[in-house]
Amino acid sequence: MPDLAWLDGKIMPLTEARVSFLDHGYFYGYGVYEACKAFAGKIYALEEHLARLDRSLRALRITPGRSGAELARAMKDLAVQSGYEAVFLYLQITRGVGKRGAAAPENGPVITMFATELETMTPADWNAGVAVITLPDERWAHPDIKSLNLLPNILAKEKALEKGAQEAIFYNERNIVTEAASSNVFAVLPGERLVTPPLDGRILEGVSRLMILRRARENDIRIEETYFTRAELAQATEIFITGTSEEIIPVTGLDGARVGGGTTGPWTRRLYDIYLRAEFLK
Ligand SMILES: Cc1ncc(COP(=O)(O)O)c(C=O)c1O
């Protein structure tokens with residue numbers, strides 16, 4: 001069965017789905033997106049994803065013309081029809097199709113979705129962890145909006161791949177760690193301090209980040225939302241990155257140096273256990 005796309009209420013093979021040349025998403029990256037996952041037809045953290053989508057749409061002054069409930073129903077349909085047990089769901093809403101220029105396109109927003117299989121790491125790869133590099137955060141001033149403007153992110157990821165790493169962690173002009181190119185960052189600093197950068201408008205509020213913080217609180221695990229520098233990160237005994245498709249990925253190499261013992265650490269395991277989707281499937 002081919003992977004499926006959704007366009008204007010119709011489901012079709014992803015490779016056959018087409019959008020217009022005149023889409024403002026194509027011209028300017030003028031649009032927003034959400035990446036969700038579903039297990040057995042149920043979308044993980046649906047309310048949280050819809051709330052963030054709403055914030056992004058408002059920030060870009062896009063009125064989608066379909067309610068959150070309608071979008072959720074369409075995503076669920078797509079997830080079920082995809083035939084996968086674990087599904088990656090991508091939803092994008094652009095400003096619409098119209099003449100190039102600042103005027104709002106005559107034809108309202110374009111909503112597209114697709115579903116593919118959610119790819120997860122093998123246990124062996126997860127135990128080994130991944131390598132990351134650090135790079136200056138050169139993004140625009142609103143990375144808290146989940147917009148389509150991801151050029152610095154994807155260039156950073158390309159650089160990471162060229163260096164044999166999987167992800168790039170950004171630091172700002174004051175050497176403070178912000179987030180990674182497509183994930184949020186957590187670290188265990190000396191003294192067993194679990195930390196993650198705060199929501200100050202300079203990072204995306206990852207749904208995975210949100211859920212991990214929530215689960216940690218429920219389990220009496222203290223995670224500080226606080227600033228830490230690139231030098232402090234280099235002293236971390238554990239680092240992990242989080243994202244919808246990544247879930248929790250242990251980082252065992254940082255700029256060519258080993259992190260902690262060089263394999264996935266105990267806090268990362270513990271948090272993965274409480275975040276783990278098995279819990280969601282209960
Ligand atoms: C820059 C950035 N930070 C963090 C995340 C993680 O967000 P979530 O956990 O909602 O997938 C993403 C996901 O795409 C991202 O692009």
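**Ligand shell.** I started with the ligand and found 14 residues around it, of which Gly 206, Val 207, Ser 208, Gly 243 and Thr 244 come nearest. I count a residue as near a molecule if its C-beta atom, placed from the backbone, lies within 6 Å of it. Two elements give two or more residues to this shell: helix H6 (207–218) and strand E13 (238–243). H6 gives the most, with 3 residues. Helices (H or I, at least four residues) and strands (E, at least two) are DSSP runs, numbered from the N terminus. By class I noted 3 nonpolar, 9 polar and 2 charged residues in the shell around the ligand. Here Ala, Val, Leu, Ile, Met, Phe, Trp, Tyr, Cys and Pro count as nonpolar, Asp, Glu, Lys and Arg as charged, and the others, Gly among them, as polar.

**Provenance.** This is a predicted model, in which local features need pLDDT of at least 70 and side-chain atom pairs count only at pLDDT 80 or more, while totals for chains, interfaces and linings use all residues. Residues are numbered from 1 along each chain as its sequence is written.

**H6 against H8.** I next looked up how H6 packs with helix H8 (residues 266–275): the angle is about 95 degrees and the axes are 9 Å apart. Axes are lines fitted to C-alpha atoms, for helices over the stretch in contact, and angles run from 0 to 180 degrees between N-to-C directions. H6 and H8 are therefore roughly perpendicular to each other (angles under 35 degrees count as roughly parallel, over 145 as roughly antiparallel, 65 to 115 as roughly perpendicular and the rest as oblique). Met 211, Ile 212, Arg 215 and Ala 216 of H6 make the contact with Leu 271, Ile 274 and Tyr 275 of H8. I sorted the residues of this contact into 6 nonpolar, no polar and 1 charged. Two residues are in contact if their C-beta atoms, placed from the backbone, lie within 7 Å.

**Domains.** The chain is divided into domain 1 (4–117) and domain 2 (123–281), with bounds from an automatic or database domain assignment. Their C-alpha centres lie 26 Å apart. I found 20 residues of domain 1 in contact with 14 residues of domain 2. On the domain 1 side, strand E3 (31–39) and helix H2 (46–59) are the elements that give two or more residues. E3 supplies the largest share of that side, 8 residues. The residues of that side divide into 11 nonpolar, 5 polar and 4 charged.

**Whole chain.** I noted 9 helices and 15 strands.
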